[in-house]
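Here is a short report on how two chains meet. Please look at the structure first.

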There are 2 protein chains.
Amino acid sequence: MTPAQDPRLVRELADVVGADHVLVDDDVTAGYRTDWTGRFTSPSSVVARPGETAEVAAVVDLCRASGVALVAQGGNTGLVGGGIPTQGEVVLSLRRLAGAHEVDGASGQVVVGAGTTIGAVHALAAEAGWAYGVDLASRDSATVGGTIATNAGGLRVLRYGDTRAQVMGVETVLGDGHTVTALTGLYRNNTGYHLPSLLCGSEGTLGVVTAARLRLVPRLRHRVTALLAFDTIDAALAAAALLRRAVVGLEAVELFLQAGLELVCSAGSLPRPFPDPHVAYLLVETAGQIEDRGELAAALESVPGIADAAVATDPARGRALWRYRETHTEAIGTVGTPHKLDLALPLPQLAPFLDRLPSLLAELAAGAQAWVFGHVADGNLHVNVTGVAPDDESIDDAVFRLVAELGGSVSAEHGIGTAKRRWVGLSRTEAELDPFRAIKRALDPAGILNPHALLPPATP
Amino acid sequence: MTPAQDPRLVRELADVVGADHVLVDDDVTAGYRTDWTGRFTSPSSVVARPGETAEVAAVVDLCRASGVALVAQGGNTGLVGGGIPTQGEVVLSLRRLAGAHEVDGASGQVVVGAGTTIGAVHALAAEAGWAYGVDLASRDSATVGGTIATNAGGLRVLRYGDTRAQVMGVETVLGDGHTVTALTGLYRNNTGYHLPSLLCGSEGTLGVVTAARLRLVPRLRHRVTALLAFDTIDAALAAAALLRRAVVGLEAVELFLQAGLELVCSAGSLPRPFPDPHVAYLLVETAGQIEDRGELAAALESVPGIADAAVATDPARGRALWRYRETHTEAIGTVGTPHKLDLALPLPQLAPFLDRLPSLLAELAAGAQAWVFGHVADGNLHVNVTGVAPDDESIDDAVFRLVAELGGSVSAEHGIGTAKRRWVGLSRTEAELDPFRAIKRALDPAGILNPHALLPPATP
């Protein structure tokens, strides 16, 4: 019996959230105990599904009183095991908190429950004549709470920033039992520390977010999408840097390489975009309120090294170009189960990293192949490695050490969870981690919130 | 003798920063003990002027060991006494930390010492072909450290966000003695809590920032400035809301009223911008990389209620229009010493606030007059009240209570300091302040950093 299965605790949880919303059968809890990749799974556990903030607070109180830890979970789309219990923690599923509390079209803001999907936020925003700045492939499953926990980025960070840049206010139950409701729609408010920023990226270790006020951005009517081909990686990176500075309306600059393009064309039966193969590709998108290709066109004229280009101004053709980038994950899945390495580099270190990666992999495993794509204008690469046993972490370790050597981060946007805790020390010094631990103790003194995620234990 | 003047502490400070950089004479310390408005002043104190981060750390250690509090100070341009000692604290002046450590033109980032002025950051950015997103009237005195402490906003928050949105990394000496050096140039890094965001707006109560890595933004070559006149405040506010949504290149939307315009024209001998007087004015500016008035022109055509307009596309004419807004502070000074109330409202509450303000003031003081201007697209108003005794806080109290009733903030961008501590409770509940206090205790357990600023003591 895991700690969460203590019959008295189960009874008390049922008193709080209703018996229907406490799940104990392994069959029923399986979808909460295993992540979507199947990589992270837990022994038997108990799932509590509160329907309002007061119930969340009561569950946190119960767990604290009984000394049983809990793991908050949103859409369960995480990639690092941050929402999956490992040692019998209670799963606190926020999916029932999925309503819109307020749509303020005048200000361009929405208040939504933590269980609302990103797709639903997009729909609410569009109805009010706005858009939401964060977009990612898992939009129809990933929840607002989960994207706050991981400070999700995605496709438009370049223009609108990460989730931290969108969250104007939160309602949260902190580990110490305080329920903080700070959901006012103020663009400026310098009357204390900024709790929303602290919670973004905290992976449920400080508080359980139950609702958030999100800023919206103008809905842009005119888009230009371009696929640019380059014959060297350096030329592609130089173009990305130049576009970042020259094109104000830039919304996305995504990199992928020839091997990936070949794969998505064959796996997805897509037509080749250009007559000849090239080395590297940038998928570029700009958006604005008026029909205007001038800015991008002027910039493209000044970018050296473009070997070929396809430009789309109508949405259907734009989406067709996006498919070369967006079907990478699916296509790579046809080759094998990849090691998915989410990492970030200082922009000047992207070229050295991409230069050294193939030989590093070749040294470690003969059959290893890297598929590289990502949000290159933010220095965020997704390196997928196939041809390596799923549980062989030597590849991950070697790549992360190279990242650290180049001043990069072992997690750009997926977080640390339980999977990457062993590598946090590559990106953070003890002088950084110690204050993080002090903050954790301050807001969750009993250490009941996701205790096995994010922060590695202090070295004795 | 104040605690800071203890001869042993003075000797030890001199050992750390050098005798030349410990100021003890009242004549010499006067400029550090009194703010530029003369409103906040302290009895005798001691000023330490460290020249590097290790010296800052040693000063913090000394203060902690001797139980003497310290107040960090930058350019001393604050408006709420946040950088002025009140009870004999040591003044830790960061002005000597004014160098540029790194200008990364490829990434659009700079690393600068905390004592660098915002004007110097603008110059560094321009040299590297970029711009800095935060701009404010005190740019040539205000320092990077001070703007981090107050999370300064200014003229371009609408487009680029506040200081928090610019700070990618910090070097800081925390109250507990940790020196954290986290100055890597990563746009994405989800490997722990976001210390830069926590320090922005913390008013020197958690750590002393010694250096920061700032993101830069593209330097935009083409600007359009427009002064729009309206015959009702509601029409001006509706136009601001509409422009905010319709004009992607919008950089500033500043509001002022007829009384203010009359005053700046007479005090500054400026020509009247329009033949007839109107009720309210918006100073609007857009900027982009290509010469294009299409977006603003299209938006202006769709804005109802514009009674008159002046549009400038050349820099000199643009600056001339800005003078109607920027000389407000100076012109108001010719009428009397104003109570300067920096406040924020939810956008839908701007109209009710502006509607109720005159009668509220008339009730309280017959001679009181409000001069209103501000960053209206962010809901941030600067209400200056003349005709009231400088030390009569009943006006401030009444205005802040109205702000609170409407869901606003008693400090939009100037911070709390010592001056506004009595009103923090109007904008923050105890359930918010308690976790703030826990964070303060976690990072500054001895309570030596600016102990009389920002957070009010817990109600017993």
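## Basis

This is a predicted model, in which local features need pLDDT of at least 70 and side-chain atom pairs pLDDT 80 or more, while totals for chains, interfaces and linings use all residues. Residues count from 1 along each chain as its sequence is written, chains are lettered from A in the order written, and side-chain values use heavy atoms.

## Symmetry

Chain A superposes on chain B by a rotation of 180° with 0.0 Å of shift along the axis, at RMSD 0.0 Å (least squares on C-alpha atoms of residues with pLDDT of at least 70 in both). The two copies are therefore related as by a two-fold rotation axis. Both use the same surface: 100% of the contact residues of chain A recur in chain B.

## Interface

Each side is listed by contact (heavy atoms within 4.5 Å): 81 residues from chain A and 81 from chain B. The buried area is about 6500 Å², with 59% from carbon and sulfur atoms (accessible area, 1.4 Å probe, lost on being put together, summed over both parts). A:R188, A:Y193 and A:R245 supply 17% of what chain A buries against chain B, more than any other three residues.

The interface holds 4 salt bridges (side-chain nitrogen of Lys or Arg within 4 Å of a carboxyl oxygen of Asp or Glu). B:R188 and A:E413 meet in a salt bridge, at 3.6 Å from N to O.

Note on methods
Buried area is the accessible area (1.4 Å probe) that two parts lose on being put together, summed over both.
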